[in-house]
Amino acid sequence: MKRYTSIALRIIVAIILLQTLRFKFTAHPDSVYIFSKAGLEPYGRILIGILELISSILLLRNKTAWIGAILTSGIIGGAIFLHLTKIGIQVNNDNGVLFITAIITFILSIIIIYIHRKDIPSLSKFL
């Protein structure tokens, strides 16, 4: 059961990350607005897009799922922080959908890390 839960969660997080890439890589006005407001446009937008692509790939491989989940939690943790400090919870009248999606993605990535905690080399000797 744990294996299927892990696979399902990893696919969900990867899909969330991958579906945002077209906005980042095509310089969609909403994406440009968000990264401009955060002071990260254009290089931050492109870098975050690349890191999200790498995270997605790592999440989809069982042996590297923990790496992808840690990377995802860092990226999304930063996004949540920026929402709370610079961008705001509601972006372009989206009723907080982007923020809520970030919270859900962050929680799912933490669950994936927990499921794969024994695969993490530095922690495996302690667990």
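Modeller: Start with one definition: two residues are in contact if they have heavy atoms within 4.5 Å of each other. Helices are DSSP runs of H or I with at least four residues, numbered from the N terminus.

Colleague: What kind of model is this?

Modeller: It is a predicted model, where local features need pLDDT of at least 70, side-chain atom pairs count only at pLDDT 80 or more, and totals for chains, interfaces and linings use all residues. Residues are numbered from 1 along each chain as its sequence is written, and side-chain values use heavy atoms, with hydrogens and water left out.

Colleague: How are two packed helices described?

Modeller: By the angle between their axes and the distance between the axes. Axes are lines fitted to C-alpha atoms, for helices over the stretch in contact, and angles run from 0 to 180 degrees between N-to-C directions. Now the case here. H3 and H4 pack at about 150°, with axes 7 Å apart. H3 is therefore roughly antiparallel to H4 (the cut-off is over 145 degrees; under 35 is roughly parallel, 65 to 115 roughly perpendicular, the rest oblique).

Colleague: Is the crossing of H3 and H4 left-handed or right-handed?

Modeller: Left-handed. That term applies if the near helix is turned anticlockwise from the far one by less than a right angle; clockwise gives right-handed.

Colleague: Which residues of H3 and H4 meet?

Modeller: From H3, Ile 48, Leu 51, Glu 52, Ile 54, Ser 55, Leu 58 and Leu 59. From H4, Ala 65, Ile 67, Gly 68, Ala 69, Leu 71, Thr 72 and Ile 75. The residues of this H3 and H4 contact divide into 10 nonpolar, 3 polar and 1 charged. Ala, Val, Leu, Ile, Met, Phe, Trp, Tyr, Cys and Pro count as nonpolar; Asp, Glu, Lys and Arg as charged; the others, Gly among them, as polar.

Colleague: At what angle do H2 and H3 pack?

Modeller: About 110°, with their axes 9 Å apart. H2 and H3 are therefore roughly perpendicular to each other. Their crossing is right-handed. Ser 31, Val 32 and Phe 35 of H2 meet Gly 44, Arg 45 and Ile 48 of H3.

Colleague: What is in the loop between H2 and H3?

Modeller: Pro 42 lies there. The peptide bond from Glu 41 to Pro 42 is cis, with omega near 0°. Also check Asn 92, in the loop between H4 and H5. Its phi is near 50°, a positive value in a residue other than glycine.

Colleague: Now pockets. What volume does the largest pocket have?

Modeller: First the idea. On a 1 Å grid over the protein atoms alone, where a 1.4 Å probe fits, a pocket is an open set of points with protein on both sides within 12 Å along at least five of seven lines; lining residues have an atom within 4 Å of a point. Grid points are joined across faces, edges and corners, and a volume is the space filled by probe spheres set on the points. Here the largest pocket has about 690 Å³. Of its 30 lining residues, Thr 20, Lys 24, Ile 34, His 83 and Leu 98 are the closest to its centre.

Colleague: Which helix gives the most to that lining?

Modeller: H4, with 7 residues. By class, the lining has 17 nonpolar, 9 polar and 4 charged residues.

Key: Helices (H or I, at least four residues) and strands (E, at least two) are DSSP runs, numbered from the N terminus.
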